[in-house]
Amino acid sequence: MDTLNLNEPTSGPSTSRRAFLKGGGLLLGFALLDGTTTSVFAANAAQVTEDDVKAPFAPNGFIRIDPKGTVTLVMPMVEMGQGTYTSLAMLLAEELEVDLDQVQVQHAPPNDALYANSILHIQSTGLSSSVRAFWTPLRQAGAVGRTLLIAAAAKEWSVEPATCKAAHGVVTDGSGSKHLSYGELAEAASKLPVPAADSVKLKDPKDFTLIGTPAKRVDAPMKVDGRAIYGIDTKLPGMKVAAIAISPVFGGKVKAVDEKAALAMKGVHQVVKIDEAVAVVADHLGAAKKGLEAAAIEWDDGPHATVNSADIIKELEEKSKQPGAVARNEGDAEKALGSAAQRIDAIYQVPFLAHATMEPMNCTVHMQKDSCDIWVGTQVPTLTQMVLAGVTGFPKEAIRIHNHLLGGGFGRRLEPDGTVLAVKIAQQVDGPVKVVWSREEDIQHDMYRPYYYDRMSAGLGADGKPIAWTHRIAGSSIFARYIPQAFVNGLDPDAVEGAAEPPYALPNIHVDYVQVEPPGVPTAFWRGVGPTHNVFVVESFMDELAHAAKQDPVAYRKALLANNPRALGVLTLAAEKAGWGTPLPEGQGRGVSVAFIFGSYVAQVAEVEVGPDGAVKVNRIVCGLDCGMSVNPDTIEAQIEGGSIFGLTAALHGAITIKDGRVEQSNFDNYLPMRIDEVPVIETHLIKSLEAPGGIGEVPTSIVSAAVTNAIFAATGKRVRTLPVDPEMLKSSS
Amino acid sequence: MLSRRLSARVNSAFPPAPATLEEAMAYSLKINGTAHSVDVDDDTPLLWVIRDVLGMTGTKFGCGAALCGACTVHIDGVATRSCITTVDSVGDSAITTIEAIGETPQGAALQKAWLDLEVVQCGYCQSGQLMSAAALLKETPKPTDEDINSAMSGNVCRCGTYQRIRAAIKQAAEA
């Protein structure tokens, strides 16, 4: 049986006065109240309305056990490859005492009142938060459910609940002779008083039978035979498809379109003009693309036609000379710099980056008189709904979002821009229309990881240890646009994450941030967010300090991590497994990096080889990881492998550059992804831990670049301070 | 680098069918053993015929330029990028898509290995990965690492599942 049933939404909107999950049985709702306490609600599913549960309960999700014994987890988080549908189902199954294949996972419809992420407070999948947010509530909900089902069986048999046992979805009495399945018990259980969530006993981790095992992904079978349905696979009766061209210059507008030529193409039905884009609506994308080409669009380039990368960088360079909003200030870094035995200064830069998800941006819209339906894969269903309410003038409830599996997210699908464009187009189209971006549009109208320009200074004492550390970050603020309420006094907490709190003992530290917005270029979260830039800078600079102090990079870091045992643990593990200190052939080198990010401790050692032509080949990555309790160790390894490659791709190849207001890159021939013939062997070594789980999806992406550039330094003596790595700079003669 | 990839993987094995003067000609395509008649322009990429006209969505769109391999199908058993293969070039060749690859011994062995080793993450590129791998194993039942690099480096995976793809191909080759 497929344990994913994703094609039908679990409920429609506007159901506040009707039962919001179809069918009877036991309904469990759960809400994380203050980070540690969960409130669990239980009732008969046929009788619960949205109004009953949403206030003051503010649930994070729901579980239903139907009379057939099927357990349905209405999943507030989206699956974009990170394995969330499996790991969250495991948390529930462990405590509920059912097998993983008894749990059916369904996409939640958009509803912040019912499905908010307890870390992010809206229904959003990001910040490597899923397991962290649901670790306690889902297990407690499972334990409450199990307690109720056991109580229902005990009542039926007139025995003490403590004499009964639950396993594999069946309750058995003390003698082992009587059995009742969860399906048989669900109705009776829904009528019993609900125990407080903190009164039910959670399993001792040593008794876990599922958590910590490499359980099979629930979404894998449908992804190997073409059955998995992503937003781009939407099919509806009468649906047309549209190809779209957006003004190549950011902020430009449509000036002229040869509609007649476009309409002359076979299969083309309509040309739609909106301010910033043209769409050609046709029977199939082959015809739509031909129509778009024939339309020979002329653009009014608008105010950004002269924007280019060099000017953006120049402005960053200038503005970063001025002090910024202080993220951290301890001791007196300026004074300590003045008295240091040795002073080191460096400038680091990282480029704009596109997300380039394999599934290009797309969205299907059916506009109706008073409402609309949206088929899309999004990390933010409720935010999308809210933004569309503004675009359409419809109440939120009239915007029905049918969410899908995501063909990659990486932060791109935290933005509703593509859905907004599709809706503006669909407002002029009769019937459903699927708008699909070309790869070129997808890369040239992404919202980009900001270009950051960082100024670093450190002072070393006579023993070589840092006595002063200053770090100034200049770049676009995503928070100022996306979460303005958290952008306080000019400080973007994301832009400084991973910089304000390095894992080391640094006695005098000053970290500040200068907001500099690139004209016209939209910026957004990108896998690894703040840390993916800051860990590169901090760990590269730490390597510079070790070199300046004439000390081994691992030993130098260890001395600064004496009071941080978990960071020390992963560093020691990675170094040992990588054979740190053992000789390598000429032209090869090892580099290390370590960080505490997204609630996890991580260290990597990279082995690279640099050819005489400057070509960099990464041969091996060894990762030491302490992410607390592992839910699914195989998924964690998969994330380390994939996330490292995502970060490596950026470090070695990734750069979006702007010329004349346009993005210069367009497809996978000039925005290069890593391919199978380039990737290193990646080994993951997990530290067994009973600490609460940390995040994982963005951890390897953030840690890998510094390990690689530090290895390049070890191999060549050349310090890479600007990404991506430039082979020209590494040529033997240079 | 690009030319190496293109030359190795683009469907040069399929000469275009003779040009026709008939404007509204319907093409008959043999896909997964079933004949389909489609009425589209002769230069329509096979990808859009498969996905939009025939509604078979397992074959994916990724780049439109034979740079990522997400759209890979088999034409007479050879891995072919359907996004740049025009419908008039196919003739009466047999087209196989991801929906039917499990019916071949290589396809079935690969799907099993993909599940055994938990290759997929977002999964979007995996149809194309499996189609390229199935063609490789048919041609080269015991591929070396170099064979795998050469057959698979036209397929992009942004989730970075390459290490497991390599291991799964080797496992399927041993099956």
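The questions and answers below go through a predicted model with chains A and B.

Biologist: Which domains does the domain assignment give for chain A?

Modeller: Domain 1 covers 26-223.

Biologist: How many residues does domain 3 of chain A bring to its contact with domain 2 of chain A?

Modeller: The C-alpha centres of domain 2 of chain A and domain 3 of chain A are 37 Å apart. Domain 2 of chain A puts 9 residues into the contact. By class, that side has 5 nonpolar, 2 polar and 2 charged residues. From domain 3 of chain A the contact takes 8 residues.

Biologist: How far apart are the end C-alpha atoms of residues 225-303 of chain A?

Modeller: An unreviewed UniProt entry annotates residues 225-303 of chain A as "domain: Aldehyde oxidase/xanthine dehydrogenase a/b hammerhead". Over this stretch the chain is 19% helix and 34% strand. Its end C-alpha atoms are separated by 48 Å.

Biologist: Are helices α4 and α5 of chain A roughly parallel or roughly perpendicular?

Modeller: Helix α4 of chain A spans residues 130-157, and helix α5 of chain A spans residues 182-189. Their axes lie 8 Å apart, at an angle of about 90 degrees. Angles of 65 to 115 degrees count as roughly perpendicular. Therefore the relation of α4(A) to α5(A) is roughly perpendicular.

Biologist: How many charged residues are in the contact of α4(A) with α5(A)?

Modeller: From α4(A) come A:Leu148, A:Leu149, A:Ala152, A:Ala153 and A:Glu156. From α5(A) come A:Tyr182, A:Leu185, A:Ala188 and A:Ala189. The classes are 8 nonpolar, no polar and, for charged residues, 1.

Biologist: Is B:Glu118 buried or exposed?

Modeller: The loop between α4 and α5 of chain B holds B:Glu118. Phi is again positive in a residue other than glycine, here near 50 degrees. The cut-off for a buried residue is 20 or more other C-beta atoms within 10 Å. B:Glu118 has 22 C-beta neighbours inside 10 Å, so it is buried.

Biologist: Which strands of chain B are included in what covers the buried residues of α2(B)?

Modeller: Helix α2 of chain B, residues 46-53, is mostly covered, with 8 of its 8 residues buried. Among them are B:Trp48, B:Arg51 and B:Asp52. The cover includes β9 and α7 of chain A. From chain B, the cover includes the strands β1 (27-31) and β2 (34-38).

Biologist: Which helix gives the most to the side of chain A that touches chain B?

Modeller: The contact joins 48 residues of chain A with 49 residues of chain B. By class, the chain A side divides into 22 nonpolar, 11 polar and 15 charged. Helices α7 and α17 of chain A each supply at least two residues of that side. The one that gives the most, with 6 residues, is α17(A).

Biologist: What is omega of the cis peptide bond from A:Leu723 to A:Pro724?

Modeller: A:Pro724 is in the loop between α18 (699-716) and α19 (727-730) of chain A. The peptide bond from A:Leu723 to A:Pro724 is cis, and its omega is near -5 degrees.

Key:
Residues are numbered from 1 along each chain as its sequence is written. Chains are lettered from A and ligands numbered from 1 in the order in which they are written. This is a predicted model: local features need pLDDT of at least 70, side-chain atom pairs count only at pLDDT 80 or more; totals for chains, interfaces and linings use all residues. Domain bounds come from an automatic or database domain assignment. Two residues are in contact if their C-beta atoms, placed from the backbone, lie within 7 Å. Ala, Val, Leu, Ile, Met, Phe, Trp, Tyr, Cys and Pro count as nonpolar, Asp, Glu, Lys and Arg as charged, and the others, Gly among them, as polar. UniProt positions are given in the numbering used here, feature names are shortened, and annotations may be inferred rather than shown by experiment. Helices (H or I, at least four residues) and strands (E, at least two) are DSSP runs, numbered from the N terminus. Axes are lines fitted to C-alpha atoms, for helices over the stretch in contact, and angles run from 0 to 180 degrees between N-to-C directions. Angles under 35 degrees count as roughly parallel, over 145 as roughly antiparallel, 65 to 115 as roughly perpendicular and the rest as oblique. A residue is buried if 20 or more other C-beta atoms lie within 10 Å of its own, exposed if 12 or fewer, and partly exposed in between; C-beta atoms are placed from the backbone.
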